[in-house]
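Q: Please take a close look at the surroundings of the ligand in this structure. I am new to it and would value a connected account that then moves on to the strands.

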Amino acid sequence: MTRRAWGKCLLILFWMSMGPMAADAAQKITRQRFGRTAEGIPVDLFTLTNRNGMEVKITNYGGIVVSVKVPDRNGTLGDVVLGYDTLEGYLKDNRPYFGAIIGRYANRIAKGRFTLDGREYRLAQNDGENHLHGGIKGFDKVVWKASPVRTRQGVGVRLTYRSRDGEEGYPGTVLVTVTYTLTDANELRIDYLARTTKKTILNLTHHSYFNLAGTGDILEHRLRINADLFTPVDRTLIPTGEIRSVKGTPLDFTRPTPIGARIEQKDEQLLFGHGYDHNWVLNKSDAPLTLAARVEEPRTGRVLEVYTTEPGLQFYSGNFLDGSITGKANRVYGRRAGFCLEAQHFPDSPNKPHFPSVVLSPGQQYRQTTVYKFSVSPSPGQ
Ligand code: GLA
């Protein structure tokens, strides 16, 4: 081959290695100032846009997903997550944990206590007598270091946070990296990585509230959860330790069912949860990412699928939203205005030795991938 031919060949290889993004200007990341925390720490807002015009806004305060705009059946973009227009909104009152990264321990730990290698650790009891979502100042309320990323899969934001030894009562300094990527397949992909300096526990999740109609409540959304089993809870929402079949219960979502169809039934689990607020034990396949849930909103045709590496999924039907919060575009968030699908390890695992382990040791790497994939169904109810 001549030198010129070699040169051409290399050029083509280089161009191919740049991936599709080099050829398309529609993929975009912008960064702007979102505001400052009470301590004066600057906080940014990243806007990710993919080739189809889908747009996701993420802030490095709490790693919060602020908005997700996806098309409906007619191609009309609509924002399908709950939250605030401004940083002040999140700083003032994010009791519902809108859109945030949750850590170090997503969901509940009974009485805020656990034992590791014979030593008892005590955590904040910030949900009645239990520990919830990492404590007083969890990962949802800290400012993460942030940088934009472009990969073959899409455009994204990489967030890192160093949680010091003893923070919120947990042992070990933990270094966490969370990468949000918006792909051209209309997926919001979340990759979590973490390491620790001392043996500790870790259970990370993402807490977006979805409403695929963009308005009203979520009771008409049709939900399927890929799980034959769930972990029943006591009246404080701590798992009893039993792993129970969903068969014959209102927690059976093995076939697509409107969220509201059975939510008011006189069922002990629904009474304890004030609706759905439970962990489902996912049916796992050999694939690294298994389908955890699929939700369809019949009127707009919007569909959300959740894929994850995690063993559990908390489906929370927004029961504690009570109309006291006015969010984006002056919308009042009434009861069940949004739902969460939180991929996770089971609640209270540190006190339930037969649940999959949440222990992380030095030298090990914590890894999780969860994908929220958006699409539309062609005709109502399909
Ligand atoms: C989780 C919990 C719920 C509730 C919300 C936040 O989903 O399981 O009980 O605390 O977070 O309001």
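A: A polar side-chain atom of R108 lies 2.5 Å from an oxygen atom of the ligand, a polar contact being a pair of N or O atoms within 3.5 Å; within protein, one must be able to donate a hydrogen and the other to accept it, and residues adjacent in sequence count only if both atoms are side-chain atoms. For D277, the distance from a polar side-chain atom to an oxygen atom of the ligand is 2.4 Å, and for E342 it is 2.7 Å. Taken alone, the ligand exposes 300 Å², and the protein buries 95% of that (areas by the Shrake-Rupley method with a 1.4 Å probe; for residues, only the protein chains shown count as cover).

The model is predicted: local features need pLDDT of at least 70, and side-chain atom pairs count only at pLDDT 80 or more, whereas totals for chains, interfaces and linings use all residues. Residues are numbered from 1 along each chain as its sequence is written, and side-chain values use heavy atoms, with hydrogens and water left out.

In total, 14 residues surround the ligand, and R108, H133, H207, D277 and E342 are the closest (a residue is near if one of its heavy atoms lies within 4 Å). This shell divides into seven nonpolar, four polar and three charged residues (Ala, Val, Leu, Ile, Met, Phe, Trp, Tyr, Cys and Pro count as nonpolar, Asp, Glu, Lys and Arg as charged, and the others, Gly among them, as polar).

R104 lies in the loop between strand 6 (100–102) and strand 7 (108–109) (strands are DSSP runs of E, at least two residues, numbered from the N terminus). A cis peptide bond joins G103 and R104, with omega about 0 degrees.

Strand 8 (residues 113–116) pairs with strand 9 (residues 119–122) in the antiparallel sense over four bridges (pairing requires that DSSP finds at least two bridges). In this pair, F114 stands opposite Y121 of strand 9. The two strands form a hairpin with two residues between them. D117, in that turn, has a positive phi of about 50 degrees, although D117 is not a glycine.

Elsewhere, nine strands form an open sheet in the order 11-12-13-14-27-23-22-17-20, with antiparallel pairing. Strand 11 (145–150) and strand 20 (257–258) stand at the edges, each with a single partner strand, so one side of each has no neighbour in the sheet.
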